[in-house]
Amino acid sequence: MSGSGAPEGDDYSATVLGSHWFSGPPDTTKRTAPEEVVPDRVEGSVLRFGPGVTAAMPAPFPLDVARAVAPSPRRRPAGLRRYALAALVLAAVLAYLGWQRLGPGIEVRDVAVSTDPKGPACDAAADVVAVVATNGRPGVLTYRWVRSDGTRSEELTERVPRGQREARLHLLWTFRGTGSYPAKAELQLVSPGQRTAAVDFTYRCSP
């Protein structure tokens, strides 16, 4: 069959032209399914349609992911702990040395004076010894000797080092001639504190 009708047969195929080929008004009686809107891009579970429009709220992080992302508490390096301990020990040592140097000064605990009870030989010297017991702190002893013959020495000093708990002070008293002479030697401690101690002895020399 020929003419204006469509050809028939097994190899017939119809060509559907787009609507822009028709010059007449569009047919509003036909309903077409709305086209599916394709998102511009997919970011994880968020679909974005155009700039700045969010199609879905972002899903929260899983619990395990949140724990992995959360910052862990900062631990102090072991080296810093060692340095802090060393600094503490050093400060304690310096404080002890400062106390040793600037702490309480020397204190006298006791004073005793002695000599040979037989006295010196003819034309010899008596060695009179004063033993001053201290607290072991460093310092200076100030003292003088007073003899029974009316002689007084000037003020003398003895430096006592740290740790020494005893100072020995000597007086050499020389005798001449024959006869007998009762003698007394006295130590007068001026500082620290004021103390006195004495010893009596006799010089004898027969002609």
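In the predicted model, Thr115 touches Ala126, Asp127, Val128, Val199 and Phe201, residues up to four places away in sequence not being counted, where contact denotes heavy atoms within 4.5 Å. Thr115 is found in the loop between S3 and S4, strands being DSSP runs (E, at least two residues) numbered from the N terminus. Because its relative accessibility is 18%, Thr115 counts as buried, the term for under 20% relative accessible area, with exposed meaning over 50% and partly exposed in between (1.4 Å probe, protein chains only). A polar atom of the Thr115 side chain lies 2.9 Å from the backbone oxygen of Asp127.

The model is predicted, so that local features need pLDDT of at least 70 and side-chain atom pairs count only at pLDDT 80 or more, whereas totals for chains, interfaces and linings use all residues. Residues are numbered from 1 along each chain as its sequence is written, and side-chain values use heavy atoms, with hydrogens and water left out.

The largest nonpolar core holds 26 residues, of which Val113, Val128, Val132, Leu141, Trp145 and Leu187 touch the most other members; such a core is a set of buried Ala, Val, Leu, Ile, Met, Phe, Trp, Tyr and Cys residues joined through side-chain atoms within 4.5 Å. Its largest share, five residues, comes from S9.

One disulfide is present in the structure, the term denoting a pair of cysteine sulfur atoms within 2.5 Å. It joins Cys122 to Cys205 with an S to S distance of 1.9 Å. Cys122 counts as partly exposed because its relative accessibility is 36%, whereas Cys205, at 8%, counts as buried.

Definitions and conventions:
Helix = DSSP H or I, 4+ residues; strand = E, 2+ residues; numbered from the N terminus. Polar contact = N/O pair within 3.5 Å; in protein donor to acceptor, adjacent residues only side chain to side chain.
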